[in-house]
Amino acid sequence: MDHEAVLALFDREMREGAQPYGSDGVVERDGGVVRHIGPEHGWNGVVWSDLTESDADAAVAAQVRRFAAAGRAFEWKLYGHDRPADLGERLRAAGFTPEPAETLMIAETGGPVLDPEPPAGVVLRPVTDAAGIDLVVDVHERAFGTSGTRLRRQLLAQLDEDPDTVVAVVALAGDVPVSSARMELVPGTRFAGLWGGGTVEAWRGRGIYRALVAHRARIAADRGYRYLQVDASDLSRPILQRLGFTPLTTTTPYVLPAP
């Protein structure tokens, strides 16, 4: 894999060429910034920027005004290679709060050596309706300790409006949901995004996460996507590296609350 070429392709297709997240979202281009305006319960933020030391502060101020006018909290998704080099400091000076950094990791869909099946006693079930979404949300809340309200709304909307753009799966031990994950498929791009992979604590370390990655990788390959993309936490990064994923850069959410 040519790391620089793949990172440039990711920037071009997934960031600079970003598409709306659902029918109620809109992508706006404002000079050197691409932003996404969604509903209050959806994702709002800056997905790409191409700024210099001379225009960065004005661009940041313009985004603050735009999202304030929309009444939205928002996130500036800052990548480690974005410029200027002190953009994070400028965002903090403007009132943003950084959340924990993650690592952008990429693998080719046919590249990782993956176990095709989950461990004994666990089955993977595709999520196609509201009942399945409830199982995903249950795992999310137990695995991450955070509310799944936004996730439920997002998945319900995606399955209703454009089911071909999302793949969700839940791992069941008997009737008990113990792990879940989803994959975002953006038409016209070469990247399938792996999101939300979480396993409840008592079931970690048994290969379920690995099986969920394999399951989604096969689907992505079948649908013609070349690359898998993950924003990896410190917990998942070493697992993904063992599966053949390559770290390309970091990504840090800088968050500003609604006015």
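This is a predicted model: local features need pLDDT of at least 70, side-chain atom pairs count only at pLDDT 80 or more; totals for chains, interfaces and linings use all residues.
A residue counts as buried under 20% relative accessible area, exposed over 50%, and partly exposed in between, using a 1.4 Å probe and protein chains only. Numbering runs from 1 along each chain as its sequence is written, and side-chain values use heavy atoms, leaving out hydrogens and water.

**Nonpolar cores**

- A nonpolar core here is a set of buried Ala, Val, Leu, Ile, Met, Phe, Trp, Tyr and Cys residues joined through side-chain atoms within 4.5 Å.
- The largest one has 18 residues, and M183, A192, L194, V213, L228, L240 and F245 touch the most other members.
- A second, separate core has 16 residues, including V33, L51, A56 and L256.

**Aromatic rings**

- Rings of Phe, Tyr and Trp (its six-membered ring) pair if their centres lie within 6.5 Å; planes under 30 degrees apart are stacked, over 60 edge-to-face, and the rest tilted.
- There are seven aromatic pairs in the structure.
- Take Y21 and W43: their ring centres are 5.6 Å apart and their planes sit at 55 degrees, so the pair is tilted.
- F10, Y79, F191 and Y227 make up one aromatic cluster.
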